[in-house]
Amino acid sequence: KSERRSEESDWSKMEASTKQSVTKRLLAVKTVSGKTYSQLAAETGLTNVYVAQLLRRQAQLKPDTVPKLREALPSLTDDLIEAMMSPPWRSYDPNLIQEPTIYRLNEAVMHFGESIKEIINEDFGDGIMSAIDYYCSVDKIKGVDGNDRVVVTLDGKYLSHSEQRTENMVSRQNLRGSTSK
């Protein structure tokens, strides 16, 4: 078991190193372009956060988006496009919480989380917001006082919790008829 864990750990480290290297190259392509995430979003038809996720290897580039992204970022190489089209190693550095913006976002979710959860339950029932079927964007607006304000939109599909009844559990139904040893 420890040998398997060691192999998995080595693979994880190699995958993280590759992700870090590709991400560094992708962010360099963005820097060379001189464009913001919002400009790239407008050119590709994606949200600004999704563009950032693509360039940070937190999302998978879909074939239909490749031509638009290539046009927006002409310095993208074939190997970077290929890397972006592979399923990403979705992860984060636990030390990110020390970065002030990320700390405040986490603080806001923790502070308002219980209230948001209760409102979701009141309006939708017992369930959660998906982070898979999900859209996120960051926008800049002027407040009533004339100061700049940050608007973070979290737009996720509602997923209801299901009552776990054995008669609805397909795997149990299939196992009953199974002859495996």
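Which side chain meets that of Glu107 in a salt bridge? In this predicted model, the partner is Arg104, with an N to O distance of 2.8 Å. Both residues belong to helix α6 and sit three residues apart, about one turn of the helix. Glu107 is partly exposed at 35% relative accessible area, and Arg104 is also partly exposed, at 49%.

The count of salt bridges comes to eight. Another of them joins Arg165 and Glu167, whose side chains meet at 2.9 Å, N to O. Arg165 has a relative accessibility of 39% and counts as partly exposed; Glu167 is partly exposed as well, with 45%.

Helix α6 spans residues 100-124 and includes Glu122. Glu122 belongs to a negative surface patch, together with Glu114, Glu118 and Asp123. Its relative accessibility is 66%, so Glu122 counts as exposed, the cut-off for that class being over 50%.

The strands β1 and β2 come next. They pair in the antiparallel sense, over 12 bridges. Within this pairing, Ile141 stands opposite Arg149 of β2. The hairpin has five residues between the strands, and Gly146 there takes a positive phi near 90°.

Lys142 forms a salt bridge with Asp148, in which the closest N and O atoms are 2.7 Å apart. Lys140 is linked with Lys142 and Asp148 in a network of salt bridges. Lys142 counts as exposed because its relative accessibility is 57%, whereas Asp148, at 47%, is partly exposed.

The strands also contribute to a nonpolar surface patch. This patch covers about 500 Å² and is made by Leu105, Met129, Val138, Val150, Val152 and Leu154. At least two of its residues come from each of β1 (127-142) and β2 (148-160). The strand that gives the most is β2, with three residues. Val150 lies in β2 and has a relative accessible area of 66%, so this valine is exposed.

A last point concerns the backbone at Arg57. This residue is not a glycine, yet it has a positive phi of about 60°. Arg57 lies in the loop between α3 (48-55) and α4 (66-72). Is the residue buried or exposed? Arg57 counts as buried, because its relative accessibility is 7% and the cut-off for burial is under 20%.

Key. Residues numbered from 1 in each chain as written. Predicted model: local features only at pLDDT ≥ 70, side-chain atom pairs only at ≥ 80, totals over all residues. Heavy atoms only, no water. Patch = residues over 30% accessible without salt bridge, like charges linked within 9 Å, V, L, I, M, F, W, Y side chains within 5 Å. Areas by Shrake-Rupley, 256 points an atom, 1.4 Å probe, with all protein chains shown as cover. Salt bridge = Lys/Arg side-chain N within 4 Å of Asp/Glu carboxyl O. Lys, Arg positive; Asp, Glu negative; His and termini not counted. Charge placed at Lys NZ, Arg CZ, Asp CG, Glu CD. Helix = DSSP H or I, 4+ residues; strand = E, 2+ residues; numbered from the N terminus. Buried < 20%, exposed > 50% of the residue type's maximum accessible area, 1.4 Å probe, protein only. Pairing = 2+ DSSP bridges.
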